[in-house]
Amino acid sequence: MAQTQPVVLLAEELSPATVEALRSDFEIRHTDGADRERLLADIADVDAILVRSATQVDAEAIAAAKNLKVIARAGVGLDNVDIKAATQDGVMVVNAPTSNIISAAELTVGHIISAARNIPAANASMKAGEWNRKAFTGVELFEKTAGIIGLGRIGALVAERLAGFGMKLVAYDPYVTPARAQQLGVTLVELDELLEKADFITIHMPKTPETTGMISADQFKLMKDTAFVFNVARGGLIDEDALYTALTEGQIAGAGIDVYTSEPARDIKFIELPNVSVTPHLGASTAEAQEKAGVAVAKSVRLALTGELVPDAVNVAGGVIDENVRPGIPLAEKLGRIFSALAQGERLTSVELTVAGEIASKDVTSLKLAALKGVFTDVVSQGVSYVNAPVLAEQRGVATRLTTTEVSEDYRNKLVVSGALASGAALSVTGTLTGPKQIQKLTAVFGQNLEIPIEDHMLILRYEDRPGVVGTLGRVLGEHDVNIAGMQVAPADEQGQSAAVVTIDDALPEGLLETIGKEIGATVAREVDLEER
């Protein structure tokens with residue numbers, strides 16, 4: 001009896017090259033992802049589904065798909081995929097995180113040129129039957145200063161292209177080394193200095209609680225009144241109300257915006273202004289980007305359904321991984337994210353994963369990839385996968401290393417993510433899996449031992465060991481209705497510093513972390529948010 005081919009469902013129109021990449025080894029079916037009733041019926045027995053942005057693969061759709069193993073988004077964004085529900089059902093989610101980087105960089109440059117030469121306004125004037133050359137006198141890019149906020153893949157491509165116009169390049173990115181910036185011909189500066197110096201400011205950062213609204217009223221006040229601001233990255237990085245004020249009050253000369261806090265964009269005041277150019281989220285809207293995205297996810301689906309390591313897996317690692325090593329993958333990733341949260345803005349020069357215990361004799365390369373994925377997940381704008389994480393480290397001049405030892409005195413196995421900061425300081429976090437349920441635990445921070453389950457919301461504090469600190473912490477949290485789920489305090493080190501890890505139910509109210517730090521005299525106060533977004 002012939003073996004049945006895995007079934008791949010195409011829920012939206014994809015390029016012929018995408019279909020061709022799957023045709024030989026899979027049964028290809030088609031559906032209309034926008035037709036909800038049809039989607040739920042057609043997804044029932046398929047192994048994989050490929051979508052763009054119109055198909056909602058939510059918890060209901062995932063529950064209806066009894067054989068589903070892979071959800072593939074032919075693009076970057078995953079707003080239409082319920083990653084949590086997929087993970088809970090063991091369904092891999094993949095996307096094409098690098099498919100649009102050239103298109104996004106080119107659109108950014110297009111916005112910059114359009115603003116400098118008043119192209120949209122001049123076009124509208126001509127179409128209205130006018131001939132008004134004097135009204136649209138522009139400026140040259142040559143010898144102007146471009147300020148690039150975020151020097152990841154897209155930011156670096158923008159830098160390369162603007163250099164061709166003879167522009168001076170400055171950038172702000174706390175996770176890029178001076179050596180990497182020098183390779184790109186860019187001078188690293190602090191954010192305030194960039195805002196004060198730049199004639200054209202473009203932002204290419206990931207959207208996180210820390211970066212949301214990072215360009216707001218205070219930042220606009222630092223800019224030249226001749227400056228232009230651009231956002232082709234993520235909606236919400238620029239405060240939209242503050243942008244409107246800056247444009248109407250002459251704090252800046254103009255703006256170019258492709259992404260919005262809420263999309264489709266409706267009732268946004270600045271859209272109607274004459275000194276702003278807007279596009280409807282076109283960063284990935286090129287034929288080339290769409291084809292790259294489709295072919296990339298087709299390859300990922302092929303790898304996933306044949307049991308290979310998947311480069312662009314968003315939620316789980318694929319491939320042939322030892323069953324004793326596999327449970328450590330999510331732990332390593334979380335330790336990497338905790339490590340990055342503790343570094344908070346300081347440039348990394350090295351990251352090392354030490355694997356100790358019985359699994360050290362196995363192939364633990366996947367654990368290093370997971371740790372690096374965690375380190376960069378919250379600090380770069382593009383999607384981070386198990387395969388591109390080492391590339392991101394190399395691009396930023398961060399040395400990486402994997403060390404193994406079968407000696408582990410305290411636990412059967414343990415993972416240590418450690419590294420050096422540009423300041424010369426060393427940092428480390430340690431974790432393990434315990435019990436039949438393989439509970440993820442944090443077992444050391446700053447080299448100080450403790451043991452507490454890893455939760456979505458945690459506070460990590462370091463302070464001078466003295467009576468009353470725990471009571472003060474409890475009082476401050478209680479006054480702000482923050483519930484403590486658990487807490488562990490490490491004994492004081494040789495410098496008299498204690499370390500504490502506090503798990504809480506929800507994220508802290510704005511400004512409370514700073515208050516806590518002051519109240520207890522903390523030398524380190526960090527909030528760690530591991531919740532899936």
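Arg302 and Asp25 form a salt bridge, with 2.4 Å between the closest N and O atoms; a salt bridge here is a side-chain nitrogen of Lys or Arg within 4 Å of a carboxyl oxygen of Asp or Glu. The pair links distant parts of the chain, 277 residues apart: Arg302 is in helix H12, and Asp25 is in the loop between helix H1 (16–23) and E2. Helices (H or I, at least four residues) and strands (E, at least two) are DSSP runs, numbered from the N terminus.

The model is predicted, so local features need pLDDT of at least 70 and side-chain atom pairs count only at pLDDT 80 or more, while totals for chains, interfaces and linings use all residues. Residues are numbered from 1 along each chain as its sequence is written, and side-chain values use heavy atoms, with hydrogens and water left out.

**Salt bridges**

- The whole structure holds 20 salt bridges.
- Arg302 is partly exposed, at a relative accessible area of 24%, and Asp25 is also partly exposed, at 37%; buried means under 20% relative accessible area, exposed over 50%, and partly exposed in between (1.4 Å probe, protein chains only).
- Arg29 and Asp45 meet through their side chains in a salt bridge of 3.0 Å, N to O.
- This pair links distant parts of the chain, with Arg29 in strand E2 and Asp45 in the loop between helix H2 (36–42) and E3, 16 residues apart.
- Arg29 is partly exposed at 27% relative accessibility, as is Asp45 at 37%.
- Glu358 and Arg412 form a salt bridge of 2.8 Å, N to O.
- Glu358 lies in the loop between strand E13 (348–357) and helix H14 (365–377), and Arg412 in the loop between strand E14 (399–405) and strand E15 (413–421), so the pair ties together parts that are 54 residues apart in sequence.
- Glu358 is partly exposed at 46% relative accessibility, whereas Arg412 is exposed at 63%.
- Glu27, Arg29 and Asp45 belong to one network of salt bridges that share partners.

**The parallel sheet**

- Five strands form an open sheet in the order E2-E1-E3-E4-E5, with parallel pairing; two strands pair if DSSP finds at least two bridges between them.
- Strands E2 (27–30) and E5 (92–94) are at the edges with a single partner strand each, so one side of each has no neighbour in the sheet.
- Neighbouring strands of this sheet are turned by 20° against each other on average, direction ignored; axes are lines fitted to C-alpha atoms, for helices over the stretch in contact, and angles run from 0 to 180 degrees between N-to-C directions.
- E1 (residues 7–10) pairs with E2 in the parallel sense over 4 bridges, and Val7 has Glu27 in E2 as its bridge partner.
- Helix H12 (residues 287–305) packs on the sheet and touches E1, E3 (48–51), E4 (70–73) and E5, its direction making about 170° with that of E4; contact means heavy atoms within 4.5 Å.

**Aromatic rings**

- The structure has 3 aromatic pairs; rings of Phe, Tyr and Trp (its six-membered ring) pair if their centres lie within 6.5 Å, and planes under 30 degrees apart count as stacked, over 60 as edge-to-face and the rest as tilted.
- Phe200 and Phe228 have ring centres 5.4 Å apart and planes at 10°, so the pair is stacked.
- Phe200 and Phe230 are stacked as well, at 6.4 Å centre to centre and 15° between the planes.
- Phe200, Phe228 and Phe230 form one aromatic cluster.
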